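Reader: I have some questions about the terms used for this model. Please set each value against its definition.

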Amino acid sequence: MGRVKYAARNILFGYLSNAVTGVLGIALQKIFIIKLGETLLGVNSTYTSILSVLSLAELGLGTAMNFSLYGPVARGDGETVKAYMQFYKKAYRVIALVIAAAGLLLVPFLPSLIRDPVGIDSSADLINYYLIFLFNTVSSYFVAYKYSLPNAEQKNYIQSNVLTLTKIATVLTQIALLFAMPDFYLYLLAAAAIELAQKIFANAYLNRKYPILKEKSVRKLTKEELSDIKKKTGALVCHKVGDAARLQTDSIIITGFINVTMSGYVDNYNKVINLIANFVNVIFNSVISSFGNLIATESEEKQYEMFRVYRFFASWIYGYASVGFFLLLTPFISWYYGGRFALPAAVVGAILIDFYFKGERVVLSNYKTAAGVFEQDRFLPLIQGAVNLVLSIVLVQRIGLLGVYIGTIVSGLIANVIRPFIIYRACFDRKADSYFYDAFRYIGVSVLALALCVLAGNAVLASVTLLRMAVMAVVVTVVYNGIFLLFFGRTFEFRYLYGILRKRLK
């Protein structure tokens with residue numbers, strides 16, 4: 001099966017996954033608020049962020065290993081694949097123990113971290129909730145490494161399907177429990193039990209599908225192979241620490257400097273954004289393994305052409321989503337959750353500015369991951385993380401919630417400016433001038449489309465109803481995509497995408 005077919009299959013199953021789990025997730029969020037309240041919603045969001053930060057103990061080993069597997073899998077070198085997987089298994093067991101120890105060390109500080117936990121009388125409850133989250137995270141490392149093998153074969157849909165079925169079972173069970181016995185302990189324990197069963201099943205399934213995972217006769221990695229992993233992992237340590245400081249600390253800062261309830265309000269927005277963003281990310285994440293194969297087998301010129309197409313499509317989709325969110329996100333939140341959950345327009349605008357530029361960063365990050373470009377920008381995420389923490393903590397105390405997202409925007413833009421130079425030089429041996437020229441063109445067209453959609457929105461959304469929001473969604477779709485095609489419909493990138501679409505339809 002070719003790269004395009006594998007990518008298409010990964011995208012299809014990814015879409016089905018996100019369609020089902022996303023809608024169920026938003027329904028669960030509404031029922032959660034009604035049955036358990038806004039404080040526990042904030043606690044749920046904050047603990048998720050804390051465990052994401054603890055997961056940086058993985059230190060990028062998984063990314064380095066996935067890259068290392070592309071070559072042996074493409075060549076059919078089973079002995080080398082077994083050696084990598086055996087090393088990966090031992091490393092992830094150590095990582096699980098490290099995360100467990102680090103997580104337990106945080107326990108005494110939890111009551112002081114959660115600000116204004118209205119309705120939670122005992123600090124013991126805060127600790128017990130956290131320990132359930134910690135168990136879920138630690139246990140995942142005993143099976144997660146095995147997914148790297150089908151992913152290296154461009155079969156990302158295997159992991160997607162398993163996680164989708166688990167998510168459906170978890171959400172439906174939690175919804176039933178919230179109606180029958182609304183208790184946060186039961187809510188968390190139900191998820192833990194189902195996810196544990198999923199891990200046991202996934203372990204057995206992958207062992208049966210890939211018998212080499214159980215073979216005892218496994219050679220050790222050579223010094224050169226170990227050196228390559230250590231080199232890439234060493235660079236990815238900086239990426240992981242910096243990314244955690246930039247991407248996973250907003251909820252913690254909001255909880256610590258404003259209150260835990262506000263963290264829940266922000267989580268409502270993130271749920272909706274992530275529902276749509278996950279549809280977008282399925283496309284871009286599904287082709288990482290295909291890019292790894294492309295880089296291993298095709299010319300530099302072919303790689304550059306595919307990167308241009310990839311980047312063009314990302315700018316188009318993220319621009320469309322950003323404009324749509326700006327017009328429809330707050331009206332939807334007010335309609336679905338209630339007017340008190342609406343965030344100020346300036347905060348929403350800041351969140352979506354970062355969302356748009358995140359699209360550029362997704363392209364750059366995914367491509368350099370597929371290409372194994374880890375060392376050249378290893379200190380960049382550390383700089384970003386430091387900038388984000390300093391700006392966010394200083395500004396949140398001066399201007400509130402908006403300050404957190406100003407820090408996020410500024411720190412993110414550092415990568416938008418620096419990383420293209422690194423990738424163009426390391427991967428394509430070219431100057432990055434054309435990248436920034438295209439960036440300004442894409443931004444300009446998106447701003448023009450936004451201005452026209454805002455003018456239309458003033459009339460269409462004079463009052464907020466489900467019908468009016470649907471009409472506004474159609475207006476955004478027609479206006480944004482019409483303008484984008486007007487400016488870019490004759491480009492190589494669009495013609496390539498259109499050619500793939502015609503071929504798939506036939």
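Reader: Leaving aside neighbours within four places in sequence, which residues is Glu225 in contact with?

Author: Thr80, Tyr84 and Arg219. Contact means heavy atoms within 4.5 Å. This is a predicted model: local features need pLDDT of at least 70, side-chain atom pairs count only at pLDDT 80 or more, and totals for chains, interfaces and linings use all residues. Residues are numbered from 1 along each chain as its sequence is written, and side-chain values use heavy atoms, with hydrogens and water left out.

Reader: Why is Glu225 called buried?

Author: Its relative accessible area is 16%. Buried means under 20%, exposed over 50%, partly exposed in between (1.4 Å probe, protein chains only). So Glu225 counts as buried.

Reader: What makes the pair of Glu225 and Arg219 a polar contact?

Author: Their side chains come to 3.1 Å. The term needs a pair of N or O atoms within 3.5 Å; within protein, one must be able to donate a hydrogen and the other to accept it, and residues adjacent in sequence count only if both atoms are side-chain atoms.

Reader: How do you know that H14 is mostly covered?

Author: Of its 37 residues, 26 are buried. H14 spans residues 300–336. Helices are DSSP runs (H or I, at least four residues), numbered from the N terminus.

Reader: What makes Leu328 a bend in H14?

Author: The angle there is about 45°. It is taken between axes fitted to the seven residues ending at a residue and the seven starting there. Pro331 follows within four residues.

Notes
Helix = DSSP H or I, 4+ residues; strand = E, 2+ residues; numbered from the N terminus.
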